[in-house]
Number of protein chains: 2
Amino acid sequence: MIHGIWERRLLEEIDYAKGSFSVAGWLHEIRTDGKKLVLVMSDKSGVKELVLNKEDAPPEILEIPKGSHIVISGSRESPLKIERVDVVSRPDAEWPIDLTKINDHSDIELVKKRHLYIRSPRMIAVLKIQSEILRAAREFLDSEGFIEILPPIISTATDPGLRGAKIAEIDFYGSRMKLMGSMMLHKQMAVAGLEKVYAVSPNIRLEPEEAKETGRHLSQFYQIDLEAVHWTYEDAMHLGEQMLVHIIRSVKERCSKELDFLKRDLRIPRLPFKRLTHKEAVDLARKLGFEANYDKEIPWEAEKAISMRFKEPFWIKDYPDASRGFYDKLGENARLKDFDLMYPEGYGEAISGSEREHTYEGVLRQMKKTGIDPKDYDWYLEMLKFGMPPIAGFGLGVERLTRFICGLQKVWEASPFPKVPGVVSP
Amino acid sequence: MIHGIWERRLLEEIDYAKGSFSVAGWLHEIRTDGKKLVLVMSDKSGVKELVLNKEDAPPEILEIPKGSHIVISGSRESPLKIERVDVVSRPDAEWPIDLTKINDHSDIELVKKRHLYIRSPRMIAVLKIQSEILRAAREFLDSEGFIEILPPIISTATDPGLRGAKIAEIDFYGSRMKLMGSMMLHKQMAVAGLEKVYAVSPNIRLEPEEAKETGRHLSQFYQIDLEAVHWTYEDAMHLGEQMLVHIIRSVKERCSKELDFLKRDLRIPRLPFKRLTHKEAVDLARKLGFEANYDKEIPWEAEKAISMRFKEPFWIKDYPDASRGFYDKLGENARLKDFDLMYPEGYGEAISGSEREHTYEGVLRQMKKTGIDPKDYDWYLEMLKFGMPPIAGFGLGVERLTRFICGLQKVWEASPFPKVPGVVSP
């Protein structure tokens with residue numbers, strides 16, 4: 001491993017250090033405790049209280065402002081012996097947020113001040129878990145023969161906005177290009193040759209500003225988006241639940257320290273997950289006192305109430321015709337061959353997918369039913385005209401998975417650079 | 001592994017099949033050869049000529065149009081015995097491009113028809129190699145203790161356009177948001193807490209339309225973007241060359257079939273790479289008959305000529321003050337502590353990076369020199385005001401690396417969904 005200028009230890013390693021040590025980190029607090037001095041510091045390994053004898057401490061240490069980045073060198077005795085403190089950077093003013101306590105600040109403030117809050121121990125724990133989620137997902141998909149592709153950012157066509165979300169556009173040399181609402185159309189393009197594809201795909205959906213109240217919507221989010229040829233939607237559900245269990249197991253094994261810090265007791269779900277048909281889910285919603293219709297999507301509040309009743313993730317499948325995207329395959333009894341995976345405990349939707357309508361005529365028919373203008377999908381329709389094999393696949397929202405795994409209140413904490421509907425932020 | 005509806009073989013496995021087999025793929029050609037019938041088919045494993053006795057072939061086989069997706073079932077004899085052909089999809093018109101021969105088509109045509117061309121054996125080979133590049137890069141960075149983060153797509157501030165490229169913007173709830181020119185500012189934000197970060201980061205740069213003539217510019221491209229605290233630029237160069245060798249070695253080991261198909265003889269470079277100072281590179285450019293200035297970036301044609309003289313990748317370092325981004329650290333003698341890695345054989349720039357200017361005052365000074373308005377960088381400057389540790393890092397262009405590894409003429413072939421300056425495409 002390449003270490004940079006000096007062999008620096010992490011704060012968590014200090015307890016095991018033999019002889020001298022050198023650590024670097026953010027200084028959050030200095031307090032006196034009788035004859036002792038307590039420095040509260042953090043680095044990527046977490047928060048650490050360093051205890052030293054006041055009389056041994058370099059006197060200039062008391063002058064260092066909170067929020068400074070410091071390097072301390074010393075030797076491991078009890079209490080610590082600090083021989084030298086270097087202030088690497090010193091804040092210009094008092095910190096507007098406290099990195100070790102989040103409850104004093106509004107959510108929106110922490111989104112707008114993300115350029116500072118991102119270095120908090122809490123965000124570091126979440127982002128380390130998110131990186132393990134990505135690693136584990138790729139490990140699983142690689143072992144299943146999927147090929148990763150670089151997702152599109154702009155195109156002349158994308159998945160149309162759903163449930164009222166708008167698609168963003170840029171000027172591209174005098175023409176308009178759309179930002180991806182999802183890479184649905186592009187993964188169909190790629191899977192025709194590669195047969196099993198996935199991407200960690202960024203989406204921009206300008207949800208109505210009210211969506212910020214739900215705590216589960218971001219205007220910018222990522223999906224693990226995959227597709228496979230000659231698959232049914234049952235095959236895709238089978239893969240989805242295995243992938244989720246693999247990810248959760250990996251996070252439990254490799255990020256137990258971070259889960260403890262977040263006070264999250266995460267259970268590994270049992271396979272296979274329960275499968276409700278849409279009809280059964282509507283019946284359950286009605287039993288719980290919600291209005292729900294056999295021919296429509298389940299309202300969000302009802303979905304959440306159902307999810308609260310479960311202790312394990314569960315599928316809802318066979319949604320009614322025309323209630324979803326034009327690319328869902330129509331099966332028997334006016335039911336689509338599609339599915340959502342729901343998290344338990346009220347965490348809501350995890351995965352959305354289907355067997356895809358892969359014929360030109362079939363897509364035109366479904367476009368008409370869902371009020372989509374075929375003129376906006378020229379290359380996509382040409383692609384279908386020249387033929388496609390049958391396919392199935394899904395998208396899994398990365399931030400929502402991170403939120404569930406970490407047990408976070410708001411999905412905004414599950415993104416390093418969150419964009420909340422209506423909120424201008426870094 | 002989850003196989004989908006049936007245990008389908010790949011075309012490349014037919015030769016080893018025992019008893020019966022079932023394969024699915026695209027039909028490119030049917031020709032007769034005496035009493036034999038030759039089907040040219042492809043799937044993700046490559047192109048295969050299937051030879052059968054004309055009299056044994058199902059008669060309907062001759063009627064299947066080129067470009068159909070078919071499933072053939074039979075048994076492995078010599079010649080093959082085909083018992084059944086199912087046409088899964090049939091094109092509606094004659095194919096506008098030939099997937100097995102690229103030389104008949106202009107580059108731009110293959111970009112605009114990417115929704116069809118992406119299923120060509122050539123694109124499949126390139127994309128499989130690209131996926132191995134990403135896997136190997138992550139494997140290396142994970143082992144070096146880097147944490148992967150999800151890159152930003154939109155923000156109020158980004159790296160300013162370089163060498164005449166424009167930054168794209170969207171309307172965000174009545175405000176303007178920029179698409180990332182690079183995630184330079186955001187990776188500085190993240191590294192303050194995570195200490196070693198990377199992302200596979202999408203960038204949109206609207207290069208001048210003339211840039212399409214170079215064959216090395218895309219309006220949408222990806223970088224492996226990384227940053228580490230307490231590193232010098234020498235540490236970053238050290239990491240960069242080790243990562244590149246690791247990637248090339250992995251591709252050679254795991255994608256030899258694809259490299260053969262692309263006729264690419266790829267050498268593993270020797271470590272360490274040669275380091276030229278900017279001054280030495282200018283001297284060399286002049287010796288080769290180019291105009292080059294000790295106080296400016298090296299003109300692109302001169303850079304290419306220098307790269308043609310090398311058989312191995314090489315570094316150019318210590319660029320003149322104010323010739324690069326405001327975030328490069330100024331060292332001694334009005335030289336920046338920065339570097340580019342150049343591919344040999346005329347493939348041009350691979351990596352660009354530096355030790356970063358991490359102080360508020362230093363960045364303001366460099367902004368002034370490079371003509372940047374600090375007003376556009378409010379959160380970034382606030383972040384610096386509250387203090388940063390010293391950092392170094394770089395970006396490595398994924399499509400340019402793919403181009404070099406695959407030996408491609410144009411970088412457009414190194415992207416699944418290329419956006420070429422001025423060309424509207426899927």
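The model is predicted, so local features are given only where pLDDT is at least 70 and side-chain atom pairs count only at pLDDT 80 or more, whereas totals for chains, interfaces and linings use all residues. Residues are numbered from 1 along each chain as its sequence is written, chains are lettered from A in the order in which they are written, and side-chain values use heavy atoms, with hydrogens and water left out.

**The interface**

- In this model, 108 residues of chain A are in contact with 108 residues of chain B, where contact means heavy atoms within 4.5 Å.
- The size of an interface is often given as the accessible area lost when the parts come together.
- Chain A and chain B bury about 8,800 Å² between them, and 66% of this lies on carbon and sulfur atoms; buried area is the accessible area (1.4 Å probe) that two parts lose on being put together, summed over both.
- Four salt bridges are found across the interface of chain A and chain B, a salt bridge being a side-chain nitrogen of Lys or Arg within 4 Å of a carboxyl oxygen of Asp or Glu.
- Lys113(A) and Glu382(B) form a salt bridge in which the closest N and O atoms are 2.9 Å apart.
- Across the interface of chain A and chain B there are also 36 residue pairs in polar contact, both residues being at pLDDT 80 or more; a polar contact is a pair of N or O atoms within 3.5 Å, and within protein one must be able to donate a hydrogen and the other to accept it, while residues adjacent in sequence count only if both atoms are side-chain atoms.
- Helix α3 (residues 121–143) of chain A gives the largest share of the side of chain A that touches chain B, namely 10 residues; helices (H or I, at least four residues) and strands (E, at least two) are DSSP runs, numbered from the N terminus.

**The relation of the two chains**

- The same surface serves both copies, as 100% of the contact residues of chain A recur in chain B.

**Strands**

- In chain A, strand β1 (residues 20–33) and strand β4 (residues 69–75) pair in the antiparallel sense over seven bridges; two strands pair if DSSP finds at least two bridges between them.
- Val23(A) stands opposite Ile72(A) in β4(A).
- Strand β2 (residues 36–43) of chain A runs antiparallel to β1(A) and is joined to it by seven bridges, and Met41(A) in β2(A) is the bridge partner of Leu27(A).
- The hairpin of β1(A) and β2(A) has two residues between the strands, and Gly34(A) in this hairpin takes a positive phi near 65 degrees.

**Backbone details**

- Most residues other than glycine have a negative phi, and most peptide bonds are trans.
- Asp318(A), a residue other than glycine, has a positive phi near 65 degrees.
- Leu271(A) and Pro272(A) are joined by a cis peptide bond with omega about -10 degrees, and Pro272(A) lies in the loop between α6 (256–261) and β12 (274–277) of chain A.
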